[in-house]
Amino acid sequence: MEAQVLAALHQAPGAATAAWVQDHLGGDLAYTTVMTILSRLHAKKAVTRERAGRSYVWTPAADEAGLAALRMRRVLDSESDRDAVLASFVSALSAQDEQLLRTLLERATGEDPGHDATGPGPDRPPHGD
């Protein structure tokens, strides 16, 4: 149900009320259920809320990719053996996804993709100097 509520919020033209979300979902969920789901999503930092009179308007905290990343981080944080989880995840990547991950990590760390972390780079002399 959380995914359905988030999907509805992503389709909203702006910040949405719980009643708007309820209507957009077809009215099958009770208003109190929608409020409970929105409150739980707020506690998980998946949505933000702002006062509008006596109630709130709700907005997704991130785009779809950001929310997926948040879910992935939560799963990782809930596991006792992070190394094993990450190793299993990486070993299951396709070659294309593995290369994409390498490129993203290089960008994030500011490394030159043409050099390994211990080799020569813009701020490192060649080995043996």
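Predicted model: local features only at pLDDT ≥ 70, side-chain atom pairs only at ≥ 80, totals over all residues.

**Entry 1: contacts and layout**

I started with contacts between residues at least 6 apart in sequence: in the protein chain, 38% of them join residues at least 24 apart. Next I listed the elements and got six helices and two strands. Read from the N terminus, their order is α-α-α-β-β-α-α-α. I also checked burial, and buried residues account for 20% of the 129 residues in the chain.

**Entry 2: the strands**

How do β1 and β2 pair? I find them antiparallel, with six bridges, β2 covering residues 55-60. I picked Glu50 and looked for its bridge partner in β2, which turned out to be Val57.

**Entry 3: salt bridges**

Reminder before I search: side chains of opposite charge can pair when their charged atoms come close. My search of the whole structure gave three salt bridges.

The pair I took up to begin with is Glu2 with Lys44, where the closest N and O atoms are 2.9 Å apart. Glu2 belongs to helix α1 (residues 2-11) and Lys44 to the loop between α3 (31-43) and β1 (47-52), so this pair ties together parts that are 42 residues apart in sequence. I wanted to know how open the partners are. Glu2 has a relative accessible area of 26%, so I put it down as partly exposed. Lys44, at 34%, is partly exposed too.

Then I went to Asp77 and Arg82, whose side chains meet in a salt bridge at 2.6 Å, N to O. Is Asp77 buried or exposed? I have it as exposed, because its relative accessible area is 53% and the cut-off for exposed is over 50%. Arg82 comes out partly exposed at 40%.

The remaining entry on my list is Glu98 with Arg102, a salt bridge with N to O at 2.8 Å. Both residues are in helix α6 (residues 95-109), and they are four residues apart, about one turn of the helix. I noted Glu98 as partly exposed at 29% relative accessible area, and Arg102 as partly exposed at 44%.

**Entry 4: helix packing**

For packed helices I write down two things, the angle between the axes and the distance between the axes.

I began with α1 and α3: the axes are 10 Å apart and the angle is about 85°. An angle from 65 to 115 degrees counts as roughly perpendicular, so that is how α1 lies to α3. On the α1 side, Glu2, Val5, Leu6 and Leu9 make the contact; on the α3 side I have Ile37, Leu38, Arg40 and Leu41. Sorted by class, the residues of this contact are six nonpolar, no polar and two charged.

Next came α4 (residues 64-78) and α5 (residues 82-91). Their axes come within 8 Å and cross at roughly 135°, so I call the two helices oblique to each other. Which residues of α4 and α5 meet? I wrote down Met72, Leu76 and Asp77 from α4, against Arg82, Val85, Leu86 and Phe89 from α5. By class that gives five nonpolar, no polar and two charged residues. Asp77 and Arg82 are the pair I already had as a salt bridge.

Definitions and conventions. Residues numbered from 1 in each chain as written. Heavy atoms only, no water. Salt bridge = Lys/Arg side-chain N within 4 Å of Asp/Glu carboxyl O. Buried < 20%, exposed > 50% of the residue type's maximum accessible area, 1.4 Å probe, protein only. Pairing = 2+ DSSP bridges. Axes fitted to C-alpha atoms, helices over the stretch in contact; angles between N-to-C directions. Parallel < 35°, antiparallel > 145°, perpendicular 65-115°, else oblique. Contact = heavy atoms within 4.5 Å. Nonpolar A, V, L, I, M, F, W, Y, C, P; charged D, E, K, R; others polar.
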